[in-house]
Structures are given as C-alpha cells and as structure tokens.
Amino acid sequence: MRAHRLATTRRQVVVVGGGQAGLAIGYFLAQQGRDFTILEAAAEPAAAWRGRWNSLRLFTSARYGSLPGRAFPGDPDRYPTRDEVADYLTDYASHFELPVELNSPVRAIRKTDGGYVVELDDRTYETEQVVIATGPFQEPFVPAIADGLDESVTQLHSTAYRSPDLLPDGRVLVVGGGNTGFQIAAELSVSREVHLSIGSRQTPLPQRLLGRDLFWYLDKTGLIRKTKASRVGQRMQQREDTLIGSSPRAARRLGIRLHGRAVDAAGSSVRFDDGAELDVRSVIWATGFRLDHSFIDAPVFDGDGRVVHERGVTTSPGLYFLGMLWQHTRGSALLGWVKDDAEYLAGKIAARRSDALTPETETAGAT
Ligand SMILES: Cc1cc2nc3c(=O)[nH]c(=O)nc-3n(C[C@H](O)[C@H](O)[C@H](O)COP(=O)(O)OP(=O)(O)OC[C@H]3O[C@@H](n4cnc5c(N)ncnc54)[C@H](O)[C@@H]3O)c2cc1C
C-alpha cells in the first residue's frame, strides 16, 4: 500500500504506449481536440524500433510506412531501415505536437465507478477512457531448454542482438524460423558457420513480384483489409507467420545449415527433433514474444488471459486495445494500416460522453 497520495491528474483519455499505435490514435484524438496524454515507458520515442537489430530493414516498403496525416519520406518503393522508422515516428510526434510523456511506465490500471485510475510510480491519472497500445511483441520469450546450456555458450534473445560483433567467434545456432530468425542467420552467415533451427515451417513469399512489392498486391486486392472473421481472413490467420523475402532455399544458398525443432540442450550441445546434436558457441533465440497485460485490472480477459474484444473495443466501457496482431485485419499491427483501427477507436471514444471529468484538475499533491 502507498504511504502517501500521489498527484492525480484528470484526462479525458489516457493512451498507454507511445509506439506507432499510440501515436496513430493520438493523431485522431488531437484532431478531435480531446484532452489526452500518451504515457510511454521508455526514455526515448520509438523505443521498440530502436531496440531491434542494427541492419533491420522493413519487410513493407516506405509506401506502406505512413501513419495518418504524414507520409513516410523518400522513395516509396524502398525498404526503410530501423533508424529511418525511429526517426519518422519521432518526427511524427513532434510535428503534430502529440503529448507523449516519456519515462512513464504504467504500473496498474484499475476500473472505478466512473472510469479508470492509471497508476505510475510517481503520479496517477483519472480518466474516463483508456487505450492500451503497448505493442504486439512485448516480453521476449525463450524456451525452457535454454536453461540446459552452460556458461560457455553465449545466449541472446533476438531483442538483445544488434550486430555480429556482439558474438564470440565460432559456430552459432539461430533458433526460430520466422522472419527474424532468417534475417539474423543471413547476416551472421557472412562471418560464421550458422545453423538455423526451424520449429514450424512458414510459407515463404517473395518480397517483390513482377517488380511490385508484395504488400502492393495485398493492398490492391483488399486482402490486407480482410477481417479476421471473414473466411479469407481465417485462412490467412492460420498461415499468419509468413516469411517475407527469406526462404529455406535462399538460406541454404548462403551456406546456412537447417535443422528441425530444438528440443533439448545440455552443456554446449543442442538436440533437434530428429535426434541430431550440435555443439555450439552461441545461440540466438528468435523465438518470439509473449503479451503482458498483467497491469490491467479489469474484466476483459478470458480464461487463458487473452483480451476479449471486438475490433479493440472491450466490454469494460471506455477500455480499448490498439495494435494487436489480427486485432481486426492482417494490417492491424502494421505501420501502414494501424490507422484504420485507430480511426475506428477514436470514433468510439468520441461517441462516449466525456463530460464526467473536468480536464487538468489537480486533486491531490504528494506529501
Ligand atoms: C523484427 C520486427 C520487424 C518488423 N517489421 C515490420 C515491417 O517491416 N513493417 C511493418 O509494418 N511492421 C513491422 N513490424 C511489426 C510492427 O510494426 C512493430 O512491432 C511495431 O513496433 C508495433 O507498434 P506498436 O506501437 O503497436 O507497438 P510498439 O512499437 O511495441 O510500442 C509499444 C510501446 O509501448 C510502451 N509500453 C509498453 N508497456 C508499457 C507500459 N506499461 N507503460 C507505458 N508504456 C508501455 C513500449 O515502451 C513501446 O514503446 C515488425 C516487428 C518486428 C518485431
């Protein structure tokens, strides 16, 4: 229990998370003239992008990198770098003067009679409506077999990988057959013997077809906007994890040796599902993420902890989610399409009466 009351500020809307989803809804809330704030845990804007590996290039072209109201700069047919995206998002927030509060991790959100209390370490907000935009890829996930490896093996989750020079010389195993695993393996193959463990095969798709970007076709055919409830959407979800611009064949051409699922590890050796074993110097776990919504105290989760919602709108009045994978369509968690859900939720927010709270009322000071 807290020993003293923290300063409490009232806002009509609080957005948690200042990545592309938080900024996109911020754009629409600003257009509505709403009194809102965007609380961002990190010390700098675009933290998720800055935290990805140095040589990362988008799998979507710049044409599909724009948030609402401001085009992604430069040649629309190129594939921007990680840093270009971080710069674009930083510029976006400052261009529209969005009220992003950095160094502001939200520790708890509690439902009250009239809305929500949003708790930080040093202050709280009272608000009628909250948008959770904390990202589709939150907590790095490493399988339990990692514990079997001894200290002679350098281990990193893909979120900690930046460039090959971070690893010691010697054989490296990348675990994970998604875009991240393939791309990191390709980069390492220039300087090392690289092995790639593929747990479940994903459908490889070319990045460009007949001179056009893959997403151009998805956009023009309307596939990117097929809802998750539609028949096509359901089929696409089953194949959600598609490799874009990488493939097992291309990896083999780079000299990368492919294995099945990694099932066990002991000492400096990893065992695969066909019984083969490999002695390794380093392992990169490109094994994905888990969501962490444990800071939200509201009745919006099912028995497995999944958010129950309809296009981001929950049954807890005024509580929304934005930017989740397949929130509504394949584009929901992508730079170029998050605006569709953001605009939809901004409409829902506007439709709710927001006169219950007076903006910017200081109710208590820290003592
Ligand atoms: C390796 C990789 C490559 C990708 N490439 C592409 C691509 O080419 N094209 C494309 O369109 N998409 C791509 N994506 C998908 C998607 O665009 C990104 O994941 C994007 O970062 C998602 O944006 P977001 O705003 O939803 O979440 P994030 O960017 O993760 O932002 C969420 C923010 O919330 C903050 N936060 C979290 N918890 C709290 C809290 N409790 N309190 C306050 N703040 C909090 C975080 O610090 C973070 O800044 C890629 C994703 C990955 C992982």
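P136 counts as partly exposed, because its relative accessibility is 22% (buried is under 20%, exposed over 50%, partly exposed in between, with a 1.4 Å probe and protein chains only). Before I go on: this is a predicted model, where local features need pLDDT of at least 70, side-chain atom pairs count only at pLDDT 80 or more, and totals for chains, interfaces and linings use all residues. Residues are numbered from 1 along each chain as its sequence is written, and side-chain values use heavy atoms, with hydrogens and water left out.

P136 sits in the loop between β6 (123–132) and β7 (139–140); strands (E, at least two residues) and helices (H or I, at least four) are DSSP runs numbered from the N terminus. Leaving aside neighbours within four places in sequence, P136 contacts L291, G323, L325 and A333, contact being heavy atoms within 4.5 Å.

Q138 is in the loop between β6 and β7. Is Q138 buried or exposed? At 19% relative accessibility, Q138 counts as buried. The side chain of Q138 reaches the backbone nitrogen of D292 at 2.8 Å. Beyond four places in sequence, the contacts of Q138 are F289, R290, L291, D292 and H293.

Now the helices. Helix α1 (residues 20–31) packs against helix α3 (residues 82–95) at about 25°, axes 11 Å apart; axes are lines fitted to C-alpha atoms over the stretch in contact, and angles run from 0 to 180 degrees between N-to-C directions. In α1, Q20, L23 and Y27 meet L89, Y92 and A93 of α3.

Terms used. Polar contact = N/O pair within 3.5 Å; in protein donor to acceptor, adjacent residues only side chain to side chain.
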